[in-house]
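Biologist: Could you take me through this structure, please?

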Amino acid sequence: MSRLIKQLPSPDILIRQSAYTPKTKTNFMLYDQSNYIWKAVGMGAVAGMRAMSAPALLSDELSKLPSASLAHSPLHFLQSDAVASGLKLFAATELLGDKIPNVPDRITPPSLAIRAISGAVVGATIFTANKDSTSKGAIIGAAAAIAGTFASFYLRKAIKKYTHLPDSLSGTIEDVLMFGSGLAITKA
C-alpha cells in the first residue's frame with residue numbers, strides 16, 4: 001500500500017491540474033515545468049501539420065492567460081487578442097486552402113520552411129514562458145515541425161492509398177487530428 005501511495009502524484013500537482021479555469025491567473029500549459037519540452041515538441045508537430053494552426057492555438061491560450069515571462073520578450077505580441085484573432089483567421093484560411101486541388105505538397109522547400117518557422121515560434125514561446133532558452137525552444141520546435149511535416153504528409157498519402165478516401169476527406173481527418181492534438185497540448 002505504501003508503494004502505491006508513493007506512486008500517486010503529489011497533491012499540489014492534482015490541485016494545479018484541477019484548478020484550470022479561464023479565470024485562473026496561471027497558464028498551466030506554459031508553466032508546467034515537468035513537460036514543457038514535450039509541449040514544444042507537440043506544438044511543433046502541429047505546426048508541421050498546419051503551419052498557422054499551432055501559433056493560432058498558442059496565441060489564443062496566451063491571450064486568455066498572458067505570461068509575465070513573455071511581457072518583455074519579442075514574442076509578447078502573441079498574447080494580444082488582435083493577434084490571436086488574426087492567426088485564427090489565417091489558420092481557417094489554411095484549412096480551406098488545403099482542400100483545393102493542385103496545392104503544392106507541404107514537403108516542398110517553401111512550405112517546409114514556413115512550417116519550420118512556425119514550429120520555431122511556438123517552441124521559442126513555450127521555452128521563453130518557462131524561463132528557458134528561446135533559441136533552444138526554437139530549434140526543438142522547428143525540428144518537430146519538420147518531422148511532423150513529413151510524418152503527416154506520408155500518413156495522409158497512406159490513408160488515401162489504402163482507404164481510397166477522397167483527398168478532401170483525408171485532409172479533414174488530418175485537420176481533426178491536428179486540432180484535437182493542439183487543443184489537448186495547450187490545455188494539458
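Modeller: One definition first: buried means under 20% relative accessible area, exposed over 50%, and partly exposed in between (1.4 Å probe, protein chains only). This is a predicted model, in which local features need pLDDT of at least 70, side-chain atom pairs count only at pLDDT 80 or more, and totals for chains, interfaces and linings use all residues. Residues are numbered from 1 along each chain as its sequence is written, and side-chain values use heavy atoms, leaving out hydrogens and water.

Biologist: Which residues of helix 8 are buried?

Modeller: Among them are Gly137, Gly141, Ala144, Gly148, Phe153 and Arg156. Helices are DSSP runs (H or I, at least four residues), numbered from the N terminus.

Biologist: How far does helix 8 reach?

Modeller: Its 30 residues span 42 Å from first C-alpha to last, close to the 44 Å expected, which is 1.5 Å times one less than the number of residues. Just after helix 8, histidine 164 takes a positive phi of about 60°.

Biologist: And phenylalanine 150, is that buried, exposed or in between?

Modeller: Phenylalanine 150 lies in helix 8 (residues 134-163) and is partly exposed, at 32% relative accessible area.

Biologist: New topic: how many aromatic pairs are there?

Modeller: The whole structure holds two. Tyrosine 36 and phenylalanine 127 pair edge-to-face, 5.1 Å centre to centre with 75° between the planes; ring centres must lie within 6.5 Å, and planes under 30 degrees apart count as stacked, over 60 as edge-to-face, the rest as tilted. This pair links helix 4 to helix 7, 91 residues apart.

Biologist: And the other pair, phenylalanine 153 and tyrosine 154: what is its geometry?

Modeller: Phenylalanine 153 and tyrosine 154 are also edge-to-face, at 4.9 Å and 85°.

Technical notes. Helix = DSSP H or I, 4+ residues; strand = E, 2+ residues; numbered from the N terminus. Phe/Tyr/Trp six-rings, centres within 6.5 Å; stacked < 30°, edge-to-face > 60°.
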